[in-house]
Amino acid sequence: MANPIRRGESGSQVSSWHVSSNTVTPNQQTSFILPHGLTLRHTVNAGTTSVTIPAGITWVYAICVGSGGGGAYAGGGGGGVAWGWTLANSTCVVASTTSNNQSGSYTRYGHIIAGGGSGSAGNAGGFLGGGGSAAQSNGATNYWGMPGGANGTNGASPTIGRIGSGAGGGGISSANGIAGSNGADGISAGGGGYCQTGAGALANVSGNGGNGLTGGGGGGNTTGSTTSNLGGNGGNGLNILTGAITTGASYSGIFGGGGGGIAGNASGQNGGLGGGGGGSNAGTGGAGILYIFY
């Protein structure tokens with residue numbers, strides 16, 4: 001039978017759509033790593049090593065966050081962040097709080113793994129996405145191969161760290177009156193560099209921590225006798241579930257503040273929950289966290 005609809009004509013089954021009278025409202029996403037259409041089923045804090053996945057669920061989406069680096073003179077780097085699909089598993093490793101000066105540890109679920117931020121003042125650097133600290137600590141390449149950033153240069157003219165998945169730490173000042181530089185911004189931010197520790201007539205100011213999903217800790221000065229020495233502020237983090245900023249802590253005298261984590265604000269020299277970097281003066285890096293969606 002011949003087609004009864006000729007070119008230029010329309011059948012009753014065809015409806016018209018007018019762009020001017022129709023609108024599209026996009027879904028609101030608070031983070032580029034959140035999965036679309038899935039529900040958060042588990043939030044695992046540090047120290048928990050098991051998780052129950054219902055029968056029949058074979059694949060889940062995980063977001064892992066390592067712990068932040070601890071601070072001493074410089075601020076610690078923010079914890080690494082990794083995300084993706086993995087086979088359902090009944091066990092997990094979630095990083096605990098990091099002590100003074102030490103690099104953070106990893107969080108792992110299935111084959112998704114995020115490393116810790118760098119500890120202060122040139123100790124072992126961050127790994128698997130962790131942010132760098134001052135001195136010799138570069139930011140680290142993350143799970144997805146996104147490169148890290150180099151630390152800032154030290155000396156009489158210190159430079160800011162370089163941006164990266166794990167951002168570089170700030171440079172250390174070697175001259176009275178010259179500020180330590182800031183840690184760089186990144187997925188996992190770098191810690192602030194510390195200022196000249198010797199006494200002098202001019203003020204010595206430390207660098208601030210960088211901002212990211214996990215913030216870096218602010219640098220400090222613990223030995224100088226100049227009364228005008230000042231620490232650096234901790235960088236901000238981001239709550240990936242709500243889109244709210246998690247705040248880094250302000251400096252306290254010569255001591256730098258901790259960085260905000262993915263799941264909590266910094267408190268004093270201590271980084272926030274979910275990978276915030278520790279501020280100077282024995283600041284602790286924030287514990288890691290694990291989110292599981294299905």
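No disulfides (pairs of cysteine sulfur atoms within 2.5 Å) turn up when the whole structure is searched. This is a predicted model, in which local features need pLDDT of at least 70 and side-chain atom pairs count only at pLDDT 80 or more, while totals for chains, interfaces and linings use all residues. Residues are numbered from 1 along each chain as its sequence is written, and side-chain values use heavy atoms, with hydrogens and water left out.

As for the cysteines, the sulfur of Cys64 has its closest cysteine sulfur in Cys92, and at 8.6 Å that is too far for a bond. Cys64 is buried (under 20% relative accessible area; exposed is over 50% and partly exposed lies in between, with a 1.4 Å probe and protein chains only), at 0%. Cys92 is buried too, at 4%.

Aromatic rings do get together: the search finds five pairs. Rings of Phe, Tyr and Trp (its six-membered ring) pair if their centres lie within 6.5 Å, and planes under 30 degrees apart count as stacked, over 60 as edge-to-face and the rest as tilted. Tyr61 and Trp85 sit 5.7 Å apart, centre to centre, with planes at 80°, so this pair is edge-to-face. The two residues are 24 apart, Tyr61 in strand β2 (residues 59-65) and Trp85 in strand β3 (residues 81-87); strands are DSSP runs (E, at least two residues), numbered from the N terminus. Tyr61 is buried at 9%, whereas Trp85 is partly exposed at 45%. Tyr73 and Tyr194 make a tilted pair, with 5.2 Å between centres and 40° between planes. Ring pairs also link Tyr61, Trp85 and Phe293 into a cluster.

Methods: Helix = DSSP H or I, 4+ residues; strand = E, 2+ residues; numbered from the N terminus.
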